[in-house]
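Hello,

Here is the structure I promised to pass on. Please open it first, then read my notes below.

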Amino acid sequence: MLLYPEGLVTLNATGVEILRLCDGTRSVADIVGTLEQRYSTTGLAADVAGFLERLAAKGLVTYGP
Amino acid sequence: MDPKPLWLLAELTYKCPLQCPYCSNPLDFAGGRFKRELSTAEWCRVFREAKALGVLQLGLSGGEPTLRPDLEELIRTAHDAGLYTSLITSAYRLTKERLAALKAAGLEHVQISIQGADEALSDEVAGTASYKDKIAAYHYTRELGFPLTVNVVLHRRNLHQVEALIRLAESLGAERIELANTQFYGWALHNREALMPTKTQLDQAWQVVQRERARLGTRLEIVWVLPDYHEQYPKPCMGGWARAYMTVTPAGEVWPCHAAGRITTLKFENVRDRPLEWIWEHSDAFQRFRGDAWMPEPCRSCPRKAQDFGGCRCQAFLVSGDAAVTDPVCSLSPHRPLIDAVVADVERAAATGQSPDEWTYRAAPASRALAAKG
């Protein structure tokens with residue numbers, strides 16, 4: 001659960017994992033790479049980008065290109 | 001199963017240095033009903049009970065909440081209990097040191113009102129010279145790293161400043177600006193003739209909001225609270241009666257919203273007499289309009305009832321005298337002519353240049369005088 005001014009979002013386990021990797025130094029590509037390595041898979045870029053975009057639209061995360 | 005509350009609004013005191021004529025506090029805020037304020041220990045118990053009941057968001061409001069010398073302790077307790085805390089303040093005489101102390105106690109979000117985009121109008125509406133303190137406090141929130149919401153209540157005298165208000169919030173780097181068209185309860189209802197805008201004013205302001213939203217994107221969230229007298233359907237008030245929200249007043253009465261205390265046909269309980277959970281689940285005030293079994297026509301058979309919950313019970317009571325009828329702003333309500341008449345009066349007065357601009361400032365002497373008059 002993420003609480004913010006006048007609202008809240010409930011995160012699933014994947015969301016929590018992505019957010020834990022948002023540490024202010026990793027890039028989006030780093031986060032995708034870390035998760036793909038962790039689960040020995042590929043093709044997570046679109047899911048991660050979609051998740052971060054939804055949070056960014058609420059002003060809950062900011063990130064560069 | 002009963003729904004669980006997510007939000008608690010704690011009205012810590014009805015004392016306030018500002019005197020805004022649109023205040024949503026009760027007209028009789030200075031009377032005996034609200035006099036014996038809850039102690040520090042009582043509020044702390046309320047916050048812990050609220051968290052146990054499911055509440056996650058706590059608004060600390062008033063009156064002016066910073067007048068409570070124990071605010072730091074209240075915030076620390078709420079924060080430690082796991083509540084997300086928002087301070088809703090006028091920022092009058094609020095120092096950077098106090099804000100820093102509140103942050104150290106765990107305060108997470110600050111909302112600071114402003115009454116106009118420039119000093120002259122803001123101070124005139126507030127009835128108290130406070131603009132300079134507000135601007136200073138906005139900067140303190142930036143320096144201390146708080147998320148900031150700029151709150152503005154809109155009405156006939158300041159709607160023309162919507163663009164300047166948005167630009168002000170933008171220049172401050174605020175995260176949100178809440179442009180709340182006056183809802184007519186409490187002092188705002190008493191001052192309705194002087195506050196109600198014209199349709200033209202509202203249309204112009206709405207165009208500005210749409211343009212500015214497109215320009216600003218996610219940089220600044222612009223919240224626009226609808227002027228419901230000018231809508232076709234009622235607002236989904238509080239997301240439905242007793243579904244997600246409760247207000248605790250300064251002396252401990254618990255209301256389903258911050259205006260509900262005016263409904264004389266409901267019985268309200270007090271946190272001094274009952275646990276919050278019991279009040280939420282069993283009290284008359286919370287049970288009466290929960291769900292949709294209470295609904296009369298045209299709500300009962302209306303497909304919109306799951307969307308707007310029949311609108312606002314307080315407005316139904318204040319306009320029609322019966323809290324159990326469809327919100328009179330609904331175009332399907334038999335009471336809608338009462339709303340249309342008010343709107344028409346405002347348009348007629350504006351067209352002939354005779355709009356009344358006299359309002360009663362929200363202040364203790366006026367409150368006592370109005371209460372004496374009944």
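What percentage of the 374 residues in chain B is buried? The figure is 47%. Keep in mind that this is a predicted model, and every value here is computed from it.

**Chain B overall**

Chain B holds 15 helices and 9 strands. Its C-alpha trace spans about 50 × 45 × 45 Å along the principal axes. The radius of gyration is 20 Å, which agrees with a compact globule, because 374 residues in such a globule would give a value near 21 Å. Then look at the contacts in chain B with a separation of 6 or more: 74% of them come from residues 24 or more positions apart.

**Where the chains touch**

Chain B meets chain A through 11 of its own residues, which contact 6 residues of chain A. On the chain B side, these divide into 3 nonpolar, 5 polar and 3 charged residues.

**Strand E1 and its partners**

Next, find strand E1 of chain B, residues 7–11. E1(B) pairs with two strands that I would look at in turn. One is E2(B), residues 57–61. The two run parallel, over 5 bridges. Here Leu9(B) has Gly59(B) as its bridge partner. The other is E8(B), residues 245–248, also parallel to E1(B) and joined to it by 4 bridges. In E8(B), the residue opposite Leu9(B) is Thr247(B).

H1 of chain B covers residues 40–53. Together with E1(B) and E2(B), H1(B) makes a right-handed β-α-β unit.

**A helix to check**

H14 of chain B runs over residues 336–351, 16 residues in total. From first C-alpha to last, H14(B) reaches 23 Å.

**Two cis peptide bonds**

Where are the cis bonds I noted? One runs from Gly62(B) to Gly63(B), with omega near 10°. Gly63(B) sits in the loop between E2 and helix H2 (71–81) of chain B. Another runs from Glu297(B) to Pro298(B), with omega near 5°. Pro298(B) is in the loop between helix H11 (284–287) and helix H12 (305–308) of chain B.

**Positive phi without glycine**

Two residues deserve a look here. Ser40(A) is not a glycine, yet its phi is positive, about 45°. Ser40(A) lies in the chain A loop between helix H2 (28–38) and helix H3 (45–57). Is Ser40(A) buried or exposed? Ser40(A) counts as exposed, because it has 6 C-beta neighbours inside 10 Å, and 12 or fewer is the cut-off for that class.

Arg93(B) is not a glycine either, and has a positive phi of about 55°. Arg93(B) is found in the loop between strand E3 (84–89) and helix H3 (96–105) of chain B. With 14 other C-beta atoms within 10 Å, Arg93(B) is partly exposed.

Best wishes

Definitions and conventions. Residues numbered from 1 in each chain as written. Chains lettered and ligands numbered in written order. Predicted model: local features only at pLDDT ≥ 70, side-chain atom pairs only at ≥ 80, totals over all residues. Rg over C-alpha atoms; globule rule 2.2 N^0.38 Å. Buried ≥ 20, exposed ≤ 12 C-beta atoms within 10 Å, placed from the backbone. Contact = placed C-beta atoms within 7 Å. Nonpolar A, V, L, I, M, F, W, Y, C, P; charged D, E, K, R; others polar. Expected span 1.5 Å × (residues − 1). Pairing = 2+ DSSP bridges. Right-handed = clockwise from strand over helix to strand, strands pointing away.
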